[in-house]
Amino acid sequence: MYRIRISWGCNSNCSYCGIKKAIGFHKSKSLEQVVEEFGRGLNNGYNHFVLNADDIGAYGIDIRSSFSEMLDKLTNNHADYKISIANLSPRWLIRYIDDLEEIFKRQKITRLGVPIQSGSSRILKLMNRYHDTKKIKEALLRLKTAFPKLSLHTHIIVGFPSETDEDFKKTLFFIKKCNFNAGQINPFSRKTGAEAESIEPKIPEDEINKRMNYAKKFLKKAGYNVMYKSKVYGLLFDKMDSNI
Ligand code: SF4
């Protein structure tokens, strides 16, 4: 597996996240450098590439390029290889969905991570994230339908401040509806200085644990293998057919 870090930092402002404070604003590697690293990997016999970044979909916005231009360059090659994309935020998925559908036809991108974090628009608004859940769902289902072999992954936070039982269940039904191949569910964790610290009411730990246990049963019933990792790393779930 050959990893290419394509950028650092983030211009978004998710209310639970400390990355921006720790790493700063988004900064892309040049397109030439990304293409050159990719070529080096191919020449050295690698056939699985993993693209990562703090906010991967923001690639290019600071260098007059774009995420889709970069993907276009990396998939326009007849060699036998596959590419995994980690953590494409829904706002970028929506912006680039037409381009992605075209690029995915080349069958080079086999794994896509889209961290939805919650299936409730109200909670997503409080998280300062893209919050049109209908559009997110439509975009994910569009990719799933066009590319049934695409391995779709996600990341969820349970117990974000003020999350109701109804918000939480919307998230579980979102996972089921989009038929994700795999994902991770983490209990909300407080970060000093993060905006979410000021959102009330906080969800008590025993209620978060109850929701994590419910999620485990729900996902098992929906056909997932579910593994509890730890309080920090939460639950991992995947389907037998998942191409992780
Ligand atoms: S997009 Fe990711 S890195 Fe950026 S603020 Fe949100 S969670 Fe943090």
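**The domain contact**

Modeller: The C-alpha centres of domain 1 and domain 2 lie 24 Å apart. This is a predicted model. Domain 1 covers residues 1-113 of the protein chain. Domain 2 covers 139-244. To the contact, domain 1 gives 18 residues and domain 2 gives 21 residues.

Now the area. Between them, domain 1 and domain 2 bury about 1,700 Å². Carbon and sulfur atoms carry 61% of that buried area. On the domain 1 side, three residues stand out: Ser15, Tyr16 and Arg111. They supply 33% of the area that domain 1 buries against domain 2.

Two salt bridges are counted between domain 1 and domain 2. Asp98 forms a salt bridge with Arg142. The closest N and O atoms of Asp98 and Arg142 are 2.8 Å apart. Between domain 1 and domain 2, eight residue pairs are in polar contact, with both residues at pLDDT 80 or more.

Which elements build the side of domain 1 that touches domain 2? Two or more residues come from each of helix H4 (90-104) and strand E6 (109-113). H4 gives the largest share of that side, with six residues. By type, the residues on the side of domain 1 that touches domain 2 divide into seven nonpolar, five polar and six charged.

Take Asn181. Asn181 sits in the loop between helix H7 (165-178) and strand E8 (182-187). Is Asn181 buried or exposed? Asn181 has a relative accessible area of 7%, so it is buried. The side chains of Asn181 and Lys144 are joined by a polar contact of 2.7 Å.

Then Gly119. Gly119 belongs to the loop between E6 and helix H5 (121-126). Gly119 counts as buried because its relative accessible area is 8%. What does Gly119 touch, leaving aside residues up to four places away in sequence? The residues touched by Gly119 are Thr133, Lys170, Thr171 and Phe174. Gly119 and Phe237 are 118 residues apart along the chain. The C-alpha atoms of Gly119 and Phe237 are separated by 17 Å.

Notes: Residues are numbered from 1 along each chain as its sequence is written. This is a predicted model: local features need pLDDT of at least 70, side-chain atom pairs count only at pLDDT 80 or more; totals for chains, interfaces and linings use all residues. Side-chain values use heavy atoms; hydrogens and water are left out. Domain bounds come from an automatic or database domain assignment. Contact means heavy atoms within 4.5 Å. Buried area is the accessible area (1.4 Å probe) that two parts lose on being put together, summed over both. A salt bridge is a side-chain nitrogen of Lys or Arg within 4 Å of a carboxyl oxygen of Asp or Glu. A polar contact is a pair of N or O atoms within 3.5 Å; within protein, one must be able to donate a hydrogen and the other to accept it, and residues adjacent in sequence count only if both atoms are side-chain atoms. Helices (H or I, at least four residues) and strands (E, at least two) are DSSP runs, numbered from the N terminus. Ala, Val, Leu, Ile, Met, Phe, Trp, Tyr, Cys and Pro count as nonpolar, Asp, Glu, Lys and Arg as charged, and the others, Gly among them, as polar. Buried means under 20% relative accessible area, exposed over 50%, partly exposed in between (1.4 Å probe, protein chains only).
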